[in-house]
Amino acid sequence: ATLTDRVKHAAFVIELLRLSRSYVADSNDLSLKDNFMPRQTYSHVIFSCFSCVLKIMAQRRLNPNLPVCLYKSGSNCCEENFSELGGFGRIAGFKRNYTAGDAIEGIGDVNTLNLYAADPAAPLSFGSRNHRQDVDVSRHESSLDADANMADHKSDEEYVAAWNTGRGEARALAEELGMKPARNATWWDTPWKDEDKHVTQMYAADGDELGGEVNSQG
């Protein structure tokens with residue numbers, strides 16, 4: 001996906017989530033607490049999509065000669081290490097709750113595996129043991145396609161156009177799914193309004209439901 005594609009996709013996700021949230025909140029039969037996603041999940045997705053778009057636009061202004069590397073941004077690298085030390089990654093021998101001493105003991109094995117994975121002669125590849133969360137990229141785009149140029153930066157106007165295209169596609173899907181209200185409702189045109197209030201009405205998932213990645217809002 002090109003940079004403009006990624007902006008469009010981010011806008012699509014944000015708009016569809018906001019319309020869905022507003023639809024549930026406006027319903028007489030549904031509630032955000034019982035019939036919607038956890039507040040952490042909703043907030044994380046919204047923030048992540050906005051963050052991606054802002055990083056794409058900032059890259060052009062600050063380092064236009066470099067490609068955008070979204071997968072290297074954020075704290076995901078830390079989360080992966082925490083997960084591995086807890087037995088959810090390539091090493092199955094550790095435990096979910098561990099002390100600083102346990103982490104120091106286990107980090108040597110993690111580093112050794114990283115060394116093997118970076119061996120140019122015979123690099124090791126590792127699969128996932130949590131297959132329920134695996135993403136099949138082929139369902140979204142062909143792995144045979146040439147990689148997009150992540151240094152092909154566009155103007156603000158082109159990114160805004162891509163954003164509006166994503167929003168339009170989300171609104172068309174929401175209408176197709178029956179979310180558009182028959183009566184006049186302000187939330188359909190301004191689904192970002194009342195977001196903070198609605199988030200407080202969603203249920204807060206615990207660590208078991210979110211795999212231990214509950215943010216401070218929980």
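Which handedness does the crossing of α1 and α6 have? Before the solution, some ground rules. This is a predicted model, where local features need pLDDT of at least 70, side-chain atom pairs count only at pLDDT 80 or more, and totals for chains, interfaces and linings use all residues. Numbering starts from 1 along each chain as its sequence is written, and side-chain values use heavy atoms, with hydrogens and water left out.

**Exercise 1. Describe how α1 packs on α6.**

Step 1: find the helices, which are DSSP runs of H or I with at least four residues, numbered from the N terminus. Here α1 covers residues 3-26 and α6 covers residues 156-176.

Step 2: get the geometry. The angle is about 40 degrees and the axes lie 7 Å apart; axes are lines fitted to C-alpha atoms over the stretch in contact, and angles run from 0 to 180 degrees between N-to-C directions.

Step 3: name the arrangement. α1 and α6 are therefore oblique to each other (under 35 degrees is roughly parallel, over 145 roughly antiparallel, 65 to 115 roughly perpendicular, the rest oblique).

Step 4: settle the handedness. The crossing of α1 and α6 is right-handed, meaning the near helix is turned clockwise from the far one by less than a right angle.

Step 5: list who touches whom (heavy atoms within 4.5 Å). On the α1 side, the residues include L3, V7, F12 and L19, and on the α6 side they include Y159, W163, R167 and L173. The contact residues split into 13 nonpolar, three polar and five charged (nonpolar: Ala, Val, Leu, Ile, Met, Phe, Trp, Tyr, Cys and Pro; charged: Asp, Glu, Lys and Arg; polar: the others, Gly among them).

**Exercise 2. Now do α3 against α6.**

Step 1: α3 spans residues 39-62, and its axis runs 11 Å from that of α6 at an angle of about 165 degrees. That makes α3 roughly antiparallel to α6.

Step 2: the crossing of α3 with α6 is right-handed.

Step 3: F50, V53, I56, M57, R60 and R61 of α3 meet D156, Y159 and W163 of α6. By class that gives six nonpolar, no polar and three charged residues.

**Exercise 3. How many disulfides are there?**

Step 1: apply the rule, a pair of cysteine sulfur atoms within 2.5 Å. The count is zero.

Step 2: check C52. Its closest cysteine sulfur, in C49, is 6.4 Å away, so too far for a bond.

Step 3: check accessibility. C52 is partly exposed at 29% relative accessible area, and C69 is partly exposed at 33% (buried is under 20%, exposed over 50%, partly exposed in between, with a 1.4 Å probe and protein chains only).

How values were computed. Helices (H or I, at least four residues) and strands (E, at least two) are DSSP runs, numbered from the N terminus.
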